[in-house]
Amino acid sequence: MRSFAGRDILSLKDFERNEFFRVFEIAEKLEPIARNRKNTDLLKEKTLVTAFYQPSTRTRLAHEAAMIRLGGQVTGFSDAKNTRAGDFYLESIKDTVKMLEFYGDMIVMRHFQQGAPHEAAKWASIPVINGGDGWGEHPTQVLTDLYTVLREKGRIDGLKWLAVGDMRMRTMHSLGYALTQFDCPITFVSPPDMSLTDEFQDELKDFSLDYKIADHVEEAIADADVILVEPVVQPDYTKSRDERDADSDVGMTPDNYKITRELLSTKAKSDAILLHSLPRMDEIPVDVDITRWSRYWQEAFNGVVMRMALLALISGKME
Ligand code: CP
């Protein structure tokens, strides 16, 4: 297996099966630190730089929390408007990263341009983690999803997945790539204008992913062990910021892409689990939160543990 020390985490396309399991193994080892809320000093000599060109609640703060749990330091920005990349200069990724590499030992970057973290990694002498790039990928989110499945179901291979939502989403790309390494058939359900691109389907076929496309959630849900949902009402991920007024009408999620309590209790497997990377609109109504299917709050905890594992591995503190 390739060493993780010094490695960029940009895509799950280049992740090998045994590497997934190694990350999960390290996450399990480090989990008691987060569970017991007792920080350690494993990364006390290290600093994480957060470079967020797009808003985030979970990804940035979970990386920061993970670093703090491991005794490390954090610096960075959560709004590029306060940097030279967001003012008159529109400073390039290269010039920005040639600074950031001296401010810390690892960078986690979210950007509205697909491929921006890859560009950063080209110039940085320190590892870069992709915290979501435009419509591109969101590898740490999908590692969190898979780790949650492993913890909740005790295995990954042999489980059937249903993915519902906008298939152009970065999470869906990372999910598709990741599942090529497991024995996990998947069914995709999306609005017609948000379907898997031909290009992405070609890649999935190249990797022999066992997938199908269905029109209706109601028909596909009965078989699923893992139901992963993303919004179909959502912002433009190619913008640095897409705001709306609380009272503006962006439309509601059509019933076909909603996972309701009634649907779960009448059609889903009794032991299926429901994942959502969040934030949500109305595709999972709040009364689903306390059903036995929901696991998205567990994902919040697992998201910190997963980032702890990645930081420990790429810093070379754990092998
Ligand atoms: N899941 C996720 O990426 O959430 P944030 O946009 O809040 O980071």
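Which residues do ring pairs link into a cluster? The cluster consists of F4, F15, F20, F21, F24, Y147 and F182.

The model is predicted, so local features need pLDDT of at least 70 and side-chain atom pairs count only at pLDDT 80 or more, while totals for chains, interfaces and linings use all residues. Residues are numbered from 1 along each chain as its sequence is written, and side-chain values use heavy atoms, with hydrogens and water left out.

**Aromatic rings**

Rings of Phe, Tyr and Trp (its six-membered ring) pair if their centres lie within 6.5 Å; planes under 30 degrees apart count as stacked, over 60 as edge-to-face and the rest as tilted. By this rule there are 13 aromatic pairs. In one of them, the centres of F21 and F24 are 6.2 Å apart and the planes stand at 85°, so this pair is edge-to-face. Both residues belong to helix α1 (residues 17-35), where they are three residues apart, about one turn of the helix. Helices (H or I, at least four residues) and strands (E, at least two) are DSSP runs, numbered from the N terminus.

Burial is assigned from relative accessible area: buried is under 20%, exposed over 50%, and partly exposed in between (1.4 Å probe, protein chains only). F21 has 28% relative accessibility and therefore counts as partly exposed, whereas F24, at 1%, counts as buried.

Charged groups also sit over rings, a term used if NZ of Lys or CZ of Arg is within 6 Å of the ring centre and within 35 degrees of the ring normal.

| Charged residue | Ring | Distance from ring centre |
|---|---|---|
| R7 | F15 | 5.6 Å |
| K94 | W123 | 4.2 Å |

**Sheet**

Five strands make an open sheet with parallel pairing, in the order β7-β6-β5-β8-β9; two strands pair if DSSP finds at least two bridges between them. The edge strands, each pairing on one side only, are β7 (211-214) and β9 (273-276). From one strand to the next the twist averages 20°. Strand β5 (residues 161-164) is joined to the parallel strand β6 (residues 186-189) by four bridges, with W161 opposite I186 in β6. Helix α6 (residues 170-179) packs on the sheet and touches β5, β6 and β8 (226-229); its direction makes about 165° with that of β5. Axes are lines fitted to C-alpha atoms, for helices over the stretch in contact, and angles run from 0 to 180 degrees between N-to-C directions.

**Domains**

An automatic or database domain assignment gives the bounds: domain 1 covers 12-138 + 301-314 and domain 2 covers 140-296. Their centres, taken over C-alpha atoms, are 24 Å apart. Contact (heavy atoms within 4.5 Å) involves 35 residues of domain 1 and 36 residues of domain 2.
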